Amino acid sequence: CRDCFKALYVHKFRAMLGKNRLIFPGEKVLLAWSGGPSSSSMVWQVLEGLSQDSAKRLRFVPGVVYVDEGAACGQSPEDRAKTLAEVKSVLQNIGFPWHTVALEEVFGLPPAVLQGSAQEPVGTEEAYKSAVDSFLQQQHVLGGEQTHQPHTQDSPGPCSLGRSPTATQTAALCRLFDSVRTLTAKEELLQTLRTHLILHVARVHGYSKVMTGDSCTRLAIKLMTNLALGRGAFLAWDTGFSDERHGDVVVVRPMRDHTLKEVAFYNRLFAVPSIFTPAIDTKAPEKASIHRLMEAFILRLQTQFPSTISTVYRTSEKLVKAPREGRAAGPAGPRCLLCLCALDVDTDDSATAFGAQTSRLSQTLLSTPPAEAGTTTGPGCVAGEGQACCRAACNYVHRKGVQAQVMEQLCYGCRVNMKDLPSLDSLPPYILAEAQLRSQRDWVMPEVQEYLIEDSDSEAEDALVQPPGARLTTQEQGGENTGTGL
Amino acid sequence: MPAPTCASCHTARANLRRPRSGQALCGACFCNAFEAEVLHTVLAGRLLPRGAVVAVGASGGKDSTVLAHVLRALAPQLDISLHLVAVDEGIGGYRDAALAAVRHQAARWELPLTVVAYEDLFGGWTMDAVARSTAGSGRSRSCCTFCGVLRRRALEEGARLVGATHIVTGHNADDMAETVLMNFLRGDAGRLARGGGLGSPGEGGALPRCRPLQLASQKEVVLYAHFRRLHYFSEECVYAPEAFRGHARDLLKRLEAARPSAVLDLVHSAERLALAPTARPPRPGACSRCGALASRALCQACALLDGLNRGLPRLAIGKGRRELELEEAPRRSVPAADALTAF
Amino acid sequence: MAAPLSVEVEFGGGAELLFDGVKKHQVTLPGQEEPWDIRNLLIWIKKNLLKERPELFLQGDSVRPGILVLINDADWELLGELDYQLQDQDSVLFISTLHGG
């Protein structure tokens, strides 16, 4: 019945927050609201949670962020203005502090967005307990005032990053998205830029948590999609309850126990307002992207086998946020420039899916039989430059070009996506600037380290210097990460 | 739109575009590259040491045909010797034609061939007899479960028979990609935790197994067979493939159409999946009957055969297996041969 | 107005099973208003050659994913896929990758 459904629905939301104990009392939490049903329902849960009596009251301090993606989704300026007016009226009714930002603003972001914060997220059981205790004490001192608001809160109402986007920025964004060859890569790019923008808003306004409205249905689809996009290493980050990859700002997904069906019912029964905006793939045919294909597949399978989504979801809970056993790259290793996850690439030419695609065997072409493979080209040129250490780092970086600079800073999945961009020059400046910065640093670091410690990668590097013909006929040679699972 | 020139030899007209790199190559350059890549996988993955006696699981189908052909070409460089091992499951009409294809290949390539039959190995049980016995359960899926488990065992026996040190099978990238999709959809965390590599090192006395074609997509395997003019047997088994795998295969083909690298991208995901230690299966022990590697008291093959012999085929799959083992405990181990011939 | 064309249509890899097990078909495509491209050829094949279960060969206006198409031994991806315009004496080969292992 209606009341029981509501009780269950609310319980699920609060239980998800309660059992994970990640949101501290008084903490500023940014609710990422797209206007869609799930995130609207989430905002409503928070709104109701804050108006409860004191025992059950949610104790964090919310704000809402709305990203206007109209330019990337082909909306006309008039339609965008109309949507934005609607958005603002809903936000005004909610009464939380709110931030509306246009996706175009990525063209004004600083490179610092991509520099992971050194600050570890505070999330231990101990810390949580003491925070709750001190909060309760504080409440007690203040006499348990219902209306008490921590002083850190922004005043209700708009606190937009600011200006509406300039025509130049809008044109640049359109040019960028128009240039992407596949809908799959467009969707991924949009998600990447949106995440960076929300991260920036959170940091500027002092939010340490971001809540997204991903439902269990959506997460199951996302998990399978990301699996097909080569993001197997990051599934626990991409779909788990909490995502700590950014350090200072943690993303949490409190709606992950709710199915889309439940969300739709709840929103309908309790008149939760949501706003429809065309997405980047609205009206696209099913086969147009990995995302659409996977969505259609999962939803279809779900009608045939009603346990599909819950099975995928339960399996996802067994994934961990650590590299697979026997795999390199701990949390301290280099991060992907775009998704900010630890790089999951193997050495070139290793006996892995990555090696198969970077292999010079498939890149440079052989007209010769396998035994002489590769001798006609000069694959050692990069390593060869490494020997000529007198050359200046910037010279090296400059010659390598933007494309190579960005690519080598990317994880497997982001590399595959960026291959669908004809040119990376049209990416927002903060990405290119950070790529160049890292590239120069990477150039200097090995030089320094050579004098400090014996490099454990030296064996792999030796293999790179050798002509591939020699490597192919010598059993003992091979990249470091080659013995996969053997 | 005329076909571009081959990006490798720059003379011939290109015949195909490689899914992994997008490069357009002519048939000859593609085949050379394909062989070089398999060689590279074997060397870089350290799959087959020099001097290995390699049993090639041969089914007459495209994958094992291509695998045997490529390894035969690479054998001198790898310093390995090859022996084809085919399994006769005892499926009337289907298997005879497939075995004929294997015999033809063996003769043409001058490779030794050994055929091992379910009927001889498993106390008279052919796959047709198994199917009749499981017909009551009304599910073709259980047929494939039986056949898969028994074939694995049969190949192991056949390989030992010919004195092999290693077993290779023709699984390609598509098989791995399908499997990882299926394991998620079925919630099989144990398999997800174990999968991802190019093979198994041969724990508990089993022969090491590997899949040298695992980084090659189905499409490339088929094109290789085409351009090398290899003949293979391509009829579907009379016992329809498991419906669920059909779903995964269909999805995979659509994904590949939307993004040609999707197959390898899934393989990469499988290589990198990290599961909680609790999701990993317990360290395997030995089967109390035959001594083969087993995660429970009885290995899968013995459990299946036991169920069949007792006229309770369903006992051996799914939850039934646990009940079987509860009974098994006090019975003490019975020598494998006795158990097999008792009925 | 396109003149009649003589083309070789071949099925392999198990796809021939949908065509009575016959692999090679020497066919004549009648003259028609629009030029003969692969899109039209598929419709013609469905009408004239396909014996059973069309869904295992065609999906939408194209071949089922997993069936390779080689035109004069070149992957149709290099030639414009459905839009390739057939020439007299062309050979078109359909190979299923979905059968057996």
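How much area do chain A and chain B bury between them? I looked this up before anything else. I kept in mind that this is a predicted model.

**Entry: chain A against chain B**

The size of an interface is often given as the accessible area lost when the parts come together. For chain A and chain B I noted about 5,900 Å² buried between them. Carbon and sulfur atoms carry 61% of that area. I then looked up the residues in contact. Chain A puts in 73 residues, and chain B puts in 67 residues.

Next I went to the charged pairs. Three salt bridges are counted between chain A and chain B. I wrote down a pair of side chains that form a salt bridge, Glu286(A) and Arg254(B), at 3.6 Å from N to O. I also looked up polar contacts between chain A and chain B, and the count is 13 residue pairs, both residues at pLDDT 80 or more.

Which helices of chain A each supply at least two residues to the side that touches chain B? My list reads H6 (183-204), H7 (216-228), H10 (290-304), H11 (308-316), H12, H13 (360-363), H16 (412-418) and H19 (468-473). H10(A) gives the largest share, seven residues. The tally is 34 nonpolar, 25 polar and 14 charged residues.

**Entry: chain B against chain C**

I repeated the search for chain B and chain C. Here 30 residues of chain B are in contact with 25 residues of chain C. The two chains bury about 2,300 Å² between them. Of that area, 54% is on carbon and sulfur atoms.

How many salt bridges cross the interface of chain B and chain C? I noted three. A salt bridge joins the side chains of Lys219(B) and Asp75(C), with N to O at 2.9 Å. Polar contacts across the interface of chain B and chain C come to 12 residue pairs, both residues at pLDDT 80 or more.

I then asked what chain B uses to touch chain C. Strand E1 (16-17), helix H2 (62-78), helix H9 (218-227) and helix H10 (243-258) of chain B give two or more residues each. H9(B) has the largest share, six residues. By class I recorded 11 nonpolar, seven polar and 12 charged residues on this side of chain B.

**Entry: cavities**

I recorded eight cavities of 30 Å³ or more. I opened the second largest cavity, which holds about 100 Å³ of space. It is lined by 16 residues. Closest to its centre are Ala356(A), Arg20(B), Glu37(B), Thr41(B) and Leu215(B).

Which elements give two or more residues to the lining of the second largest cavity? I found helix H12 (353-358) of chain A and helix H1 (27-44) of chain B. The largest share of this lining comes from H1(B), with five residues. I sorted the lining by class too: eight residues are nonpolar, six are polar and two are charged. H12 of chain A turns up again here, as it also supplies at least two residues to the side of chain A that touches chain B.

Conventions: Residues are numbered from 1 along each chain as its sequence is written. Chains are lettered from A and ligands numbered from 1 in the order in which they are written. This is a predicted model: local features need pLDDT of at least 70, side-chain atom pairs count only at pLDDT 80 or more; totals for chains, interfaces and linings use all residues. Side-chain values use heavy atoms; hydrogens and water are left out. On a 1 Å grid over the protein atoms alone, a cavity is a set of points where a 1.4 Å probe fits but cannot get out, and a pocket is an open set with protein on both sides within 12 Å along at least five of seven lines; lining residues have an atom within 4 Å of a point. Grid points are joined across faces, edges and corners, and a volume is the space filled by probe spheres set on the points. Helices (H or I, at least four residues) and strands (E, at least two) are DSSP runs, numbered from the N terminus. Ala, Val, Leu, Ile, Met, Phe, Trp, Tyr, Cys and Pro count as nonpolar, Asp, Glu, Lys and Arg as charged, and the others, Gly among them, as polar. Contact means heavy atoms within 4.5 Å. Buried area is the accessible area (1.4 Å probe) that two parts lose on being put together, summed over both. A salt bridge is a side-chain nitrogen of Lys or Arg within 4 Å of a carboxyl oxygen of Asp or Glu. A polar contact is a pair of N or O atoms within 3.5 Å; within protein, one must be able to donate a hydrogen and the other to accept it, and residues adjacent in sequence count only if both atoms are side-chain atoms.
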